[in-house]
Amino acid sequence: MRPPRSRAAVAAAIALGVVATLGGATGTVGTAAASPSVLSERDQPRPSGVRDEDSRRLQQAVRTRAIMKHLEQLQVVADRYGDRAAGQQGYAASSRYVEHVLREAGYQPRRQYFPFTYTRVNANTLTAGGDEVANHVLTGSPSTPAGGVAGELVAPADPLGCTAAAWSGIDATGKIALVNRGTCPFADKSRVAKAAGALGVVIWNNAPGEFTGGTLGETTDDLAPTTGINQDVGQALVADLAAGPVQATLDLDILVEERQTWNVVAETRRGRSGNVVMAGAHLDGVQDGAGINDNGSGSATLLETAVQLKKMEGRLRNKVRFAWWGAEELGLLGSTHYVNDLVENRPAALDDIATYLNYDMVGSPNYIVGVYDADESSFEASAPVPAGSIETERAYRRYFRAVGQPVVDTAFSGRSDYQAFIANGVAAGGLFSGGDGVKTPEQARLFGGTAGITYDPNYHTPADDLANVNRRSVTIMSDAIAHMTIRLGKSTAVIDVPGGRSTPKRVVVPRTDEPRR
């Protein structure tokens, strides 16, 4: 007789889709658990300056160790399937794991399916001046013709290449455009260069480090084959161009096909359905990587918060809804589909959401404690900030002041899943530990770490694995997430605004919005 299967072992088996052959699953789990630097640390009781006893209870229940166990399972999935990207088996296995843990906790999770355009790079070769250049193909780029395209490099008069005026007086016909990253969406750069006659587009980074991220949105006929290169290489090519012609070739072979993916949504049974507190994190990662910090960290923390909140459900007056979004990395597709579905079919249900709380990367190795800047005191937001958002930011800040934790503003830049919510007048807030931005000396003084390098040096790379997660950051963020979840679940009075929430004109947010620049 086989020994009884532990909950952790069953969860691992479900994540891998091999419940019937548990031995293989547990063997894989054993391999993933072999990081003593992660697993030998013990959670310590954490002092709290928060007076709310329910908040203290939930913070203590949401243990960093348990969050790391969820992350181990996501690492197991990525090790088996290669990544956890939308449209891939790794995403399906990740969602099975989340759904299983939710059911075990007493939730009834549901999937919300939606179609999307799946792309995968089979080959990408760029040469310039006779040398092969490492490059990062932008999601949504079309392929070049078989055999690639060849021509001189050409740069616009305005290096950013955002408008047709940037190419005025420049002959780009039959050439390969070399433009600088920044200011406008990548899709604009690609579209404008193609209209000017360019056969392909090479975008060079506007900051040191690897060219990461980058999507054109959905592949359309008006886009040129487009790839990205590092800043130092781009600057060298610009200098070479000033000295004379530079010949280049670009060969991109990209699979493009329609596939289906889904969001996972679960909510508490208790609480008023007319005043919903919603929290979300994207579950998908980029291709060819485990995506453990981005965004296993947010997904795992949200999952453990949901598990422990269920035990305190009787304390809630408002319904709490959790969402694990699909295809965020392809242009915020899952959250946009969710909001658009409500706009088109159930607008009153959108009005019932008191606030949306977003958690995208909460374990960055060179972390900051960032709170979304709803009052725009430091950064201009990507859309008009809805009523209640400033109050949500203040609620986070009050919590952090109570526990003596410094924080900084982080922008509502349009680069994560709050975007469709704020575009439709739903209050939003959330936390962010940093991605491809560079840590300042002041931030290093506040949070430790290293100034002058990115918050996550492994952002969107295969090295974003279990070793890439800072447990201290996870602990700080998970305490705040637990506090806000139950605080608002009990009462949203702290984020209510005089006169109540207005009902703005609803808009269907385009799926082709380009979230990364």
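Visitor: Is the crossing in which helix 6 passes helix 9 left-handed or right-handed?

Guide: This is a predicted model, in which local features need pLDDT of at least 70 and side-chain atom pairs count only at pLDDT 80 or more, while totals for chains, interfaces and linings use all residues. Residues are numbered from 1 along each chain as its sequence is written, and side-chain values use heavy atoms, with hydrogens and water left out. Helices (H or I, at least four residues) and strands (E, at least two) are DSSP runs numbered from the N terminus; a crossing is left-handed if the near helix is turned anticlockwise from the far one by less than a right angle, and right-handed if clockwise. For helix 6 passing helix 9, the crossing is right-handed.

Visitor: Why are helix 6 and helix 9 described as roughly parallel?

Guide: Axes are lines fitted to C-alpha atoms, for helices over the stretch in contact, and angles run from 0 to 180 degrees between N-to-C directions. Angles under 35 degrees count as roughly parallel, over 145 as roughly antiparallel, 65 to 115 as roughly perpendicular and the rest as oblique. The axes of helix 6 and helix 9 come within 9 Å and cross at roughly 10 degrees. The two helices are therefore roughly parallel.

Visitor: How many residues in the contact of helix 6 with helix 9 are charged?

Guide: Contact means heavy atoms within 4.5 Å; here Tyr97, Val98, Val101, Leu102 and Ala105 of helix 6 meet Leu303, Ala306, Val307 and Lys310 of helix 9. Ala, Val, Leu, Ile, Met, Phe, Trp, Tyr, Cys and Pro count as nonpolar, Asp, Glu, Lys and Arg as charged, and the others, Gly among them, as polar. The contact has eight nonpolar residues, no polar ones, and, as charged residues, one.

Visitor: Are helix 5 and helix 6 roughly parallel or roughly antiparallel?

Guide: The axes of helix 5 (residues 64-81) and helix 6 come within 9 Å, crossing at roughly 155 degrees. Helix 5 and helix 6 are therefore roughly antiparallel.

Visitor: How many salt bridges are found in the whole structure?

Guide: A salt bridge is a side-chain nitrogen of Lys or Arg within 4 Å of a carboxyl oxygen of Asp or Glu. A search of the whole structure gives a total of 17.

Visitor: How many residues apart in sequence are the parts tied together by Asp54 and Arg315?

Guide: Asp54 and Arg315 form a salt bridge with closest N and O atoms 2.9 Å apart. Asp54 lies in helix 4 (residues 53-61) and Arg315 in the loop between helix 9 (292-310) and strand 10 (318-325), so the parts joined are separated in sequence by 261 residues.

Visitor: In which helix do Glu393 and Arg397 lie?

Guide: The side chains of Glu393 and Arg397 meet in a salt bridge (3.1 Å, N to O). Glu393 counts as buried at 2% relative accessibility, and Arg397 as partly exposed at 22%. The two residues are four apart, about one turn, and both lie in helix 12 (residues 389-403).

Methods:
Buried means under 20% relative accessible area, exposed over 50%, partly exposed in between (1.4 Å probe, protein chains only).
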